[in-house]
Amino acid sequence: MVLMAKAKRRSPGVKGWVIQPLRATFRETMSALLKPETILYPYESKEERDELRKYFRGQHRIDWLKCIGCQLCSRVCPNDCITMEKVKVGEDYQEPSRSEMDEKKNVVLRPGVNIGRCLFCGNCSEYCPTGAWVHTSVVELADFSRDALVFTAEQLKIEGKPTKELKNRIEENPKLDEETCIGCKRCARECPTRCIVMIPGKKMRKDKPIENPKFDYSICIGCGTCAEICPSDSLTMEEI
C-alpha cells in the first residue's frame, strides 16, 4: 500500500498577489492609451466617422420601381416594425402588380418602417426577392419623440430601375392539396409575381372541373401570400 502525501499548497507570495496583477494592469492601460479600442464618436475626424459607418446598417431606403409589394419583408421582420401601406402611383409601378384590383385603382403596396423598434438585422434586404431594400450610411437617427422614428413609405422612397429578376431567397414553395381546393382563384389574383395560372382539376362541380392553381416556380418568390389568403387552407409552404 502506497501512501500518497498531500501536496503542500504554495502561497503565491508577493509576486503572485501584487507584482503580476500590477504588471497586467499597467500593460492593458498602456495598450488602451496608445491604441484605444473605441473612438469618441462623434468627436473624431470625418474620415474616422466615414470609416465607422461602413460597418453599420443605416437608414432604410426602398426602390419603388423594384418593389413588388409582396410583403415578404414584413413577414420575416422579427420585431414587426414594417407595415405595408397602400399608395397611389402611376403606371410605371405596375409591372408586376400587386393584384388585378390594385391595377384598376393604380394602387400598390410599399413598406414603411418604425426604426424605433427596428434592430437593423438586415432580414428585409436579405430576403427581398428584387433587391428593392437598401441600407444607407446614415446612422444618426436618434430623435426626441417616438413618432419621429416612424418613417412612411413615401419618406423611404427612392427611384431606381425596375427589374425582371426575381429570387426565391426564403427557399420555400407552395404545395397544393387538390382534394380541398375550391377553385376560388384568389391565389392567382393576389400573387405579386403572377406565377399562378388556373387549370382544370380532377374534381367536378356541376359537371364542370374545378380549376386548381398551377405554379411557375421559376418566378415564384416563396412569399406565402397564396397560402395565407387561401380560404380552404389548401396551400402550404414547403422547403425546397
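Glu228 is exposed because its relative accessibility is 54%; exposed means over 50% relative accessible area, buried under 20%, and partly exposed in between (1.4 Å probe, protein chains only). The model is predicted: local features need pLDDT of at least 70, side-chain atom pairs count only at pLDDT 80 or more, and totals for chains, interfaces and linings use all residues. Residues are numbered from 1 along each chain as its sequence is written, and side-chain values use heavy atoms, with hydrogens and water left out.

**Salt bridges**

- The structure contains 4 salt bridges. The term requires a side-chain nitrogen of Lys or Arg within 4 Å of a carboxyl oxygen of Asp or Glu.
- Glu228 pairs with Arg75, at 2.6 Å from N to O. This pair joins distant parts of the chain, 153 residues apart: Arg75 sits in helix α3 (residues 72–76) and Glu228 in helix α7 (residues 225–229).
- Arg75 counts as partly exposed, because its relative accessibility is 32%.
- Lys185 and Glu211 form another salt bridge, with their closest N and O atoms 3.3 Å apart. Lys185 lies in the loop between β7 (172–176) and α6 (186–190), whereas Glu211 belongs to strand β9 (residues 208–215); the two are 26 residues apart.
- Lys185 is partly exposed at 38% relative accessible area. Glu211 is also partly exposed, at 27%.
- Lys167 and Glu165 form a salt bridge too, and their closest N and O atoms are 3.5 Å apart. Lys167 is partly exposed at 37% relative accessibility, and Glu165 is partly exposed at 47%.

**Strands and sheet**

- The protein has 7 helices and 10 strands. Both are DSSP runs numbered from the N terminus: helices are H or I with at least four residues, strands are E with at least two.
- Two strands count as paired if DSSP finds at least two bridges between them. β2 and β3 (residues 107–114) pair over 7 bridges in the antiparallel sense.
- Thr83 has Gly112 in β3 as its bridge partner.
- Strands of a sheet pair through backbone hydrogen bonds, either parallel or antiparallel.

**Nonpolar cores**

- A nonpolar core is a set of buried Ala, Val, Leu, Ile, Met, Phe, Trp, Tyr and Cys residues joined through side-chain atoms within 4.5 Å.
- The largest core has 22 residues; Ile62, Trp64, Cys81, Ile82, Val113, Ile115 and Trp133 have the most contacts inside it. β2 and β3 are the elements that give two or more residues to this core.
- A second, separate core has 10 residues, including Cys187, Cys195, Cys226 and Ala227.
- Contact means heavy atoms within 4.5 Å. Beyond its neighbours within four places in sequence, Val113 has contacts that include His60, Cys81, Trp133 and Leu149.

**Surface and overall figures**

- Trp17, Val18, Ile19 and Leu22 make a nonpolar surface patch with about 430 Å² of accessible area together. Patch residues have over 30% relative accessible area and no salt bridge; like charges are joined within 9 Å, and nonpolar side chains (Val, Leu, Ile, Met, Phe, Trp, Tyr) within 5 Å.
- Leu22 is placed in helix α1 (residues 13–34). Leu22 counts as exposed, at 56% relative accessibility.
- The protein's accessible surface is about 16400 Å², and 53% of this belongs to carbon and sulfur atoms. Accessible areas come from the Shrake-Rupley method with a 1.4 Å probe; for residues, only the protein chains shown count as cover.
- Of the 240 residues in the protein, 34% are buried.
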